[in-house]
Structure formats: C-alpha cells, structure tokens
Amino acid sequence: MTDPNQYNPQNPQQAQQYGGYGSYGQNDYGQQAPQYGAPDYGQQAPQYGAPQYSAPQYGNAAGYNQQQPQYGAPQPQPQGSGSFFALTAPLDQPAYNCTIGEAFIRFWKKYATFKGRASRGEFWWWVLCTFIIQIAFAVIFAVLGAIIDSNTANGMQSFVNTIWALATIVPSLALSVRRLHDTNKAGTTLVILYAIDFIGGVLLSVGLVMTGLGAISVIGG
C-alpha cells in the first residue's frame, strides 16, 4: 500500500531534500513557490534591451525647442533674394555669382572705390550694360530724329553721350582697377595701358598733321 506521505513528506529533513518546498512547487505553508525570473513583489521585470527613460533628442538644445541649422542649406542673403538687384555678397567683397542687375547696382554703389576686388562677372556684366545703354540711346535719338529735325536730334545725342561718359569715367576706372586686383595684378597696370593708349593717340595725331603738311607743301611746290 502506498504511503500517503511519500509525495508530501511531513519530515522537515525530507522536505529539504526536495529544495525546502512541498509537492508540486508548494512549501509547507501552502504558499506558492516564487517563479524565478520575476521579482518577488509582483513587479513586472524590466524589459532588457529597451531604455527605461526616453532618450534625449540630440541636435536640439535642451529646454529651448530651437531648430538646429541645416548644414549645406544656402545662407541668407544680405538683401531680398527675390529681387533682380539683390546683392549676393557684401560690397567690400567680390560677387562671383552676381547677375547683371547686381553688377549694375554694385557699379554705382562703389563709384570711386579703387580698393578691393571685382569678379569677372561684375566687370563683363557692366560692359554688357554699357553696350545695351548705348544701343538704347541710338534707337531713341534715331526715332526722335525721324519726328523732329535730325540735326537737333544729333546734337541732343552728342550732349547725352558726353554726360554719360563724364558720369561713368570714374566708376569705370575704379571697376577696372578692382578687376586687376582680382587677377593679382597692381592697379598701376591700368595706368600704363592708358598711358600707352594716350601716347599712341598723340603720335597718330602728330603723324596725321605731318602728313597733311607734307601733302600741302607738295601741292604748293
């Protein structure tokens, strides 16, 4: 006959033989044996591998909610970028990505500025502006000459061209000097070029005068 205490021993020593607990995971007091892997106080075990605290969002200043600058994005321009005459660089620096409108504005804003540098775009855009303005003058006075007396229109055109030349001679020289600086050349190079041009003009004038006097002497002789 099977002993009833075989699977539920009352002897403490025999109970220790089974790990200190009664049959089927219960101790002598009827309490359920603790499940290993779960805490004894009924708290849920932490899920390892997931942080218990929300990780800080790196890139934003803590507590300020300020948006960080996007690296590689274009920087704000000195003036409104939507304007045709907007400046893409400060006036004390050359504008290497300027437009024809910006070159026109920079020409007049730096009227007598011989220091600094001027980009290739600044120089050649202004040359194109001058060409367009001269064509506009010619068309306007040609139409005016067809309406009124042509001699009067020619006189007015000569006067306007003279005023334009006097108004642009100083900034044109300044722009040329700044362009030479951008090519790592001294501004005195421009003086040498103008001196050569002046001397050439004087020699040409003297040659024409001597040729005319010689022709007159031959005819008179």
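**Aromatic rings and the core**

One aromatic cluster is formed by Phe104, Phe107, Trp108, Tyr111, Trp126, Phe137 and Trp164. This is a predicted model, in which local features need pLDDT of at least 70 and side-chain atom pairs pLDDT 80 or more, while totals for chains, interfaces and linings use all residues. Residues are numbered from 1 along each chain as its sequence is written, and side-chain values use heavy atoms, leaving out hydrogens and water.

**Exercise 1.** Classify the ring pair Trp108 and Trp126.

*Solution.* Start with the rule: rings of Phe, Tyr and Trp (its six-membered ring) pair if their centres lie within 6.5 Å, and planes under 30 degrees apart are stacked, over 60 edge-to-face, the rest tilted. The count by this rule is eleven aromatic pairs. For Trp108 and Trp126, the centres are 6.0 Å apart and the planes at 90°, so the pair is edge-to-face. Helices here are DSSP runs (H or I, at least four residues), numbered from the N terminus.

**Exercise 2.** Are Trp108, Trp126 and Thr168 buried or exposed?

*Solution.* Take the cut-offs: buried is under 20% relative accessible area, exposed over 50%, partly exposed in between (1.4 Å probe, protein chains only). Trp108, at 29%, is partly exposed. Trp126 has 5% and is buried. Thr168 has 8%, so Thr168 is buried too.

**Exercise 3.** Find the contacts of Thr168 beyond its neighbours within four places in sequence.

*Solution.* First locate Thr168 in helix H4 (residues 150-182). Then search for contacts (heavy atoms within 4.5 Å): Thr168 touches Phe107, Trp108 and Trp126.

Methods. Helix = DSSP H or I, 4+ residues; strand = E, 2+ residues; numbered from the N terminus.
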